[in-house]
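Welcome! Here is a short tour of one structure, written for someone meeting it for the first time. Please keep the view open as you read.

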Amino acid sequence: MTSSKRRYHITTFGCQMNKADSERMAGILEDMGFEFSEDPNNADVILYNTCTIRDNAEQKVYSYLGRQAKRKHEQPDLTLVVAGCVAQQEGEALLRRVPELDLVMGPQHANRLKDLLESVFGGNQVVATEPVHIMEDITQPRRDSKVTAWVNVIYGCNERCTYCVVPNVRGVEQSRTPEAIRAEMAELGRQGYKEITLLGQNIDAYGRDLPGVTAEGRHLHTFTELLYYVHDVPGVERLRFATSHPRYFTERLIKACAELPKVCEHFHIPFQSGDNDVLKAMSRGYTQEKYRRIIDTIRKYMPDASISGDAIVGFPGETEAQFESTLKLVEDIGFDLLNTAAYSPRPGTPAALWENQLSEEVKSDRLQRLNHLVNVKAAERSQRYFGRIEEVLVEDQNPKDKTQVMGRTRGNRLTFFTGDINELKGQLVKVKITEVRAFSLTGEPIEVRQALVV
Ligand code: SAH
Ligand code: SF4
Ligand code: F3S
């Protein structure tokens, strides 16, 4: 490949917010005339969009950075950028640690990438981590998928969970207006996107910061209202959202999901711990009983809904009995998927300073035991798909078997079946499930929905 265009490379760590930010930053770079390079070693601008949720996430960034910093000594015009949550957390300290860096920019500055890079090209070393009001961006993101897309609805987080760095690195809640959200979704529908996931660290907080109250003094804008406002965007066939917080999750929202046909029966609601004293020490603001009631209500309206969540083991002071309450909750709820993690003390968070930290041995032993149970339960939950006909939205080829395509059911189970990706990409296909595994399914296509529309 000989192209005179300058090239950029982005590696993204962390959550869906970072992935969405990376897609917007890639859009800005392409707008500036850069071309994407898969290989960082061929790029003129390298951007690492980083995560600091746990120590191991942060360490990964440093090992990647070290390699490229060395390269810069041979290629001085290489531009090195660290964006995202490590950038926000470390700020100028990052420049002291890796002096080869050109730009350190927090997540709130993602939309300002062009201005920041211009300053770098003008000869400056730049740190952009001060809190800002996030501007609506007019640049088209360069999205990884042509079928599914993310749309931010609220940035930041006002909660203060005692283990969590997110409020420090993502700043205060900033909701986008319903009009801006719907306009972005409508454009995605026009471009042929079939599934949209609405994003927020605490999506139930949507609208709290927007002006307007009802006659009863309630916020005019809530996430439930937003769903009713955007659910019928033409072209888009499926809607999902993440992440829900048990403290604010309402029955009104559950009803809206049951009522609106495009909203998938899939809920991602982290519970973190099954023990009320641990939940209290985490400042989560709910009890395990309340969490169970939420799941019961969801299942009352949508008996087959799939439920996923996040849990932390080995929080400071967690006793064996308290950990067993987490096991019990996982046993009782039967999650389709659970993201699990051993507690990692994070700088600038209250729990990191407590004296009652547990040993790595205890944490990793609990993590293993929890993961084992999660696998057993997920395999049990998968059984219900056997022999059923499920609607699968085809996203891609199966990288391990090119004769197969892959996509997701409404319940978010990854599903494989034989087919040609050129014909099926972006199609909703009815698939009879013939094989089930804990976290994926295999089936046979029965009918392609779009093909039947005449
Ligand atoms: N806003 C979401 C979660 C954001 S962070 C919520 O409130 O649930 C994603 C997940 O990382 C969390 O749900 C939690 O399970 C995990 N996590 C966050 N901080 C952590 C820490 N210090 N140690 C281990 N896991 C952590
Ligand atoms: Fe972190 Fe809690 Fe905010 Fe989630 S709700 S991002 S866990 S502070
Ligand atoms: Fe990581 Fe930042 Fe997301 S710390 S989990 S990338 S909000």
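Leu94 touches Tyr62, Val82, Val86, Ala87, Leu101 and Val104, leaving out residues up to four places away in sequence; contact here means heavy atoms within 4.5 Å. You will find Leu94 in helix 4 (residues 92–97). Helices (H or I, at least four residues) and strands (E, at least two) are DSSP runs, numbered from the N terminus. Leu94 counts as buried because its relative accessibility is 1%; buried means under 20% relative accessible area, exposed over 50%, and partly exposed in between (1.4 Å probe, protein chains only).

A word on the background: this is a predicted model, in which local features need pLDDT of at least 70 and side-chain atom pairs count only at pLDDT 80 or more, while totals for chains, interfaces and linings use all residues. Residues are numbered from 1 along each chain as its sequence is written, chains are lettered from A and ligands numbered from 1 in the order in which they are written, and side-chain values use heavy atoms, with hydrogens and water left out.

Next, look at ligand 1. It is surrounded by 15 residues, and the closest are Tyr163, Gln201, Gln272, Asp310 and Ser344; a residue counts as near if one of its heavy atoms lies within 4 Å. That shell divides into 7 nonpolar, 4 polar and 4 charged residues. Ala, Val, Leu, Ile, Met, Phe, Trp, Tyr, Cys and Pro count as nonpolar, Asp, Glu, Lys and Arg as charged, and the others, Gly among them, as polar.

| Side chain | Ligand 1 atom | Distance |
|---|---|---|
| Arg54 | nitrogen | 3.2 Å |
| Gln272 | oxygen | 2.8 Å |
| Arg284 | oxygen | 3.2 Å |

Taken alone, ligand 1 exposes 540 Å², and the protein buries 89% of that (areas by the Shrake-Rupley method with a 1.4 Å probe). Strand 13 and strand 14 (337–342) are the elements that give two or more residues to the shell around ligand 1.

Strand 13 (residues 306–313) is also the place of Ser308. Is Ser308 buried or exposed? Ser308 counts as buried, because its relative accessibility is 4%. Beyond its neighbours within four places in sequence, Ser308 is in contact with His266, Phe267, His268, Ile269, Tyr291, Phe335 and Leu337.

Finally, ligand 3 has around it Cys15, Asn18, Cys51, Thr52, Ile53, Cys85, Arg170 and Gln201.

Key:
Polar contact = N/O pair within 3.5 Å; in protein donor to acceptor, adjacent residues only side chain to side chain.
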